[in-house]
Amino acid sequence: MVKLIAFDLDGTLIDSRLDLAGAVNQMRGSMGLEPLSAERIVGFVGNGVANLVRRSIADSEVDFDEALRRMKAFYADHLIDTTTLYPGVASGVRALRLDGVKLAVVTNKPAAATARILSGLRVAEFFNDVIGGDDDYPLKPEPDALNALAGRYGFSPGDCWILGDHYTDLEAGRRAGFRRALARYGFGDPKGERPDIEVASFTEFVEYIKHL
């Protein structure tokens with residue numbers, strides 16, 4: 001029986017590529033740097049905002065702390081300019097909640113930005129828990145946040161799933177004992193992780209879970 005599902009955010013619930021790339025290039029431009037391609041910036045996503053900024057200025061000698069401050073400020077003003085839910089997410093999380101499954105978002109993105117995005121895209125109400133990258137747990141791939149979720153509800157890890165598009169999600173799930181699904185439609189890199197299932201859409205994942 002599936003009792004809890006933890007979802008990654010970027011590349012799993014939302015397609016945030018253009019807003020992330022735009023904020024990075026706004027930061028770079030404000031510091032006298034040339035823009036990077038959106039594809040290159042997206043390749044830097046997945047290990048938290050600090051690592052995103054660090055990778056995005058690796059070709060320069062600009063101050064990291066100032067670059068991070070500017071990136072956060074620019075992004076805070078443009079969280080959902082172009083960001084959208086992936087197809088099937090709104091109806092899918094609603095259906096899972098109606099089935100009695102506990103739902104959580106576990107992301108390396110800062111908690112405040114995560115909350116604003118979920119609210120702005122009108123899906124915040126469907127999640128029992130939201131854990132961001134600046135909450136009281138180490139970033140994924142550390143399993144601490146997943147361990148805490150299972151413990152909070154008294155669930156066996158084997159009754160819990162994580163859906164994500166990046167190796168950080170899959171490694172965290174493996175280390176926590178969760179079952180793992182790879183969101184192939186996202187923009188992350190699973191590297192050498194071997195999930196229980198791979199899905200081409202969010203709807204496919206929901207249908208799989210509902211038939212367990």
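**Figure 1. Residue classes in the lining of the largest pocket.** The lining of the largest pocket comprises 13 nonpolar, eight polar and eight charged residues; Ala, Val, Leu, Ile, Met, Phe, Trp, Tyr, Cys and Pro count as nonpolar, Asp, Glu, Lys and Arg as charged, and the others, Gly among them, as polar. The model is predicted: local features need pLDDT of at least 70 and side-chain atom pairs count only at pLDDT 80 or more, whereas totals for chains, interfaces and linings use all residues. Residues are numbered from 1 along each chain as its sequence is written, and side-chain values use heavy atoms, with hydrogens and water left out. Of the 29 lining residues, Asp 10, Val 49, Asn 108, Lys 109 and Pro 110 lie nearest the pocket centre. A pocket is an open set of points on a 1 Å grid over the protein atoms alone where a 1.4 Å probe fits, with protein on both sides within 12 Å along at least five of seven lines; lining residues have an atom within 4 Å of a point. The space in this pocket is about 410 Å³, a volume being the space filled by probe spheres set on the points, which are joined across faces, edges and corners.

**Figure 2. Helices at the largest pocket.** At least two lining residues come from each of α3, α4 (64–76), α6 (111–120) and α8 (167–176). Helix α4 gives the most, with four residues. Helices are DSSP runs (H or I, at least four residues), numbered from the N terminus.

Figure 3. Asn 47 is in the loop that runs between α2 (38–42) and α3 (49–56). Asn 47 counts as buried because its relative accessibility is 12%, the cut-off being under 20% relative accessible area (1.4 Å probe, protein chains only). Its side chain makes polar contacts with the side chains of Arg 55 at 3.2 Å and Tyr 167 at 3.1 Å. A polar contact is a pair of N or O atoms within 3.5 Å; within protein, one must be able to donate a hydrogen and the other to accept it, and residues adjacent in sequence count only if both atoms are side-chain atoms.

**Figure 4. The largest nonpolar core.** This core has 53 residues, and Ile 5, Phe 7, Met 71 and Phe 205 have the most contacts inside it. Helix α1 (residues 17–30) gives the most to this core, with five residues. A nonpolar core is a set of buried Ala, Val, Leu, Ile, Met, Phe, Trp, Tyr and Cys residues joined through side-chain atoms within 4.5 Å.

**Figure 5. The second largest pocket.** This pocket holds about 190 Å³ of space. Its lining includes Met 1, Trp 161, Arg 179 and Leu 212.

How values were computed. Buried means under 20% relative accessible area, exposed over 50%, partly exposed in between (1.4 Å probe, protein chains only).
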